Amino acid sequence: MQRTEGTAGVKLIECVSPARNKWSVRWDIHEHGDGFADYMEAEFGYKPTLDEIKATVIGWYNKQTDDAILSGFEYEGNLVWLSSENQFNYKAAYDLAVQTDGATLPVKFKFGTDEQPVYRIFDNMADLTEFYTSAMRFIQNTLDAGWQRKDTFRLELYQME
């Protein structure tokens, strides 16, 4: 599976080598004004079924969404790695601070990268709430965008006689 460049109006599915029974499936097509396009393409050594096409495309959309959640959030200009573990840690720290009326503050989180870490100390509920709700809003918006892309995927366009 790779991003490829080709001509605009490219077929979504086609046999690119009848002698080898090699098939290409394409999606996420972005046409440029110059007659060219870029798109994702997966190759199969056989004619894929509609279920295989759906699994390939939806799987790719899911991975794009997961990757965007993991490494697409910035807070105060710093990258915030939203791994499942970090999400859990942020929620636990926030929930505990709320439950104790801020008695567990300050809390310290590491943002940025391993090569350029940025340590952020949250010493009041307002700042911690702003951070946590921003992260959760980012996750929800990213999930929503992924759902919209998957909902607009039209498997019937890959039907061949």
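Is Thr100 buried, exposed or partly exposed? Thr100 counts as partly exposed, at 30% relative accessibility. Here, buried means under 20% relative accessible area, exposed means over 50%, and partly exposed lies in between (1.4 Å probe, protein chains only).

The model is predicted: local features need pLDDT of at least 70, side-chain atom pairs count only at pLDDT 80 or more, and totals for chains, interfaces and linings use all residues. Residues are numbered from 1 along each chain as its sequence is written, and side-chain values use heavy atoms, with hydrogens and water left out.

**View 1. Thr100 in the loop between α2 and β7.** Thr100 sits in this loop. Helices (H or I, at least four residues) and strands (E, at least two) are DSSP runs, numbered from the N terminus. Tyr90 is 10 residues from Thr100 in sequence. In space the two are 15 Å apart, C-alpha to C-alpha.

**View 2. The β2-β3 hairpin.** Strand β2 (residues 13-17) pairs with β3 in the antiparallel sense, over four bridges. Two strands pair if DSSP finds at least two bridges between them. Ser17 stands opposite Lys22 in β3. Cys15 has Trp23 in β3 as its bridge partner. Four residues lie between the two strands. In the turn, Asn21 has a positive phi of about 55°.

**View 3. The β3-β4 hairpin.** β3 and β4 run antiparallel and are joined by seven bridges. Val25 has Ala42 in β4 as its bridge partner. The hairpin has four residues between its strands. Gly35, in the turn, has a positive phi of about 90°.

**View 4. The salt bridge between Asp28 and Arg3.** A salt bridge is a side-chain nitrogen of Lys or Arg within 4 Å of a carboxyl oxygen of Asp or Glu. The structure holds 11 of these salt bridges. In the pair of Asp28 and Arg3, the closest N and O atoms are 2.3 Å apart. Asp28 lies in strand β3 (residues 22-31) and Arg3 in strand β1 (residues 2-7), so the pair ties together parts that are 25 residues apart in sequence. Asp28 is buried, with a relative accessible area of 19%. Arg3 is partly exposed, at 38% relative accessibility. A network of salt bridges links Arg3, Asp28 and Asp38.

**View 5. The salt bridge between Arg26 and Glu41.** The closest N and O atoms of this pair are 2.8 Å apart. Arg26 lies in strand β3 and Glu41 in strand β4 (residues 36-44), so distant parts of the chain, 15 residues apart, are linked. Both Arg26 and Glu41 are buried.

**View 6. The salt bridge between Lys110 and Asp114.** The two side chains meet at 2.7 Å, N to O. Lys110 is partly exposed, with a relative accessible area of 39%. Asp114 is exposed, at 65% relative accessibility.

**View 7. Tyr90 and Phe109 in an aromatic cluster.** Rings of Phe, Tyr and Trp (its six-membered ring) pair if their centres lie within 6.5 Å; planes under 30 degrees apart count as stacked, over 60 as edge-to-face and the rest as tilted. The structure holds 18 aromatic pairs. Tyr90 and Phe109 form an edge-to-face pair, 4.7 Å centre to centre, with 70° between the planes. Tyr90 lies in helix α2 (residues 84-99) and Phe109 in strand β7 (residues 107-112), so the pair ties together parts that are 19 residues apart in sequence. Both Tyr90 and Phe109 are buried. The cluster also includes Phe73, Tyr75, Phe111, Phe122, Phe131 and Phe138.

**View 8. Charged ends over the rings of Tyr119 and Phe122.** A charge sits over a ring if NZ of Lys or CZ of Arg is within 6 Å of the ring centre and within 35 degrees of the ring normal. The charged end of Lys108 is 5.1 Å from the ring centre of Tyr119. For Arg120, the charged end is 4.2 Å from the ring centre of Phe122.

**View 9. The largest pocket.** About 160 Å³ of space lies in this pocket. A pocket is an open set of points on a 1 Å grid over the protein atoms alone, where a 1.4 Å probe fits, with protein on both sides within 12 Å along at least five of seven lines. Lining residues have an atom within 4 Å of a point. The volume is the space filled by probe spheres set on the points, which are joined across faces, edges and corners. β3 gives the most to the lining, with four residues. The lining includes Arg26, Trp27, Asp28 and Ile29. Also among the lining residues are Leu12, Tyr61, Arg149 and Tyr158.
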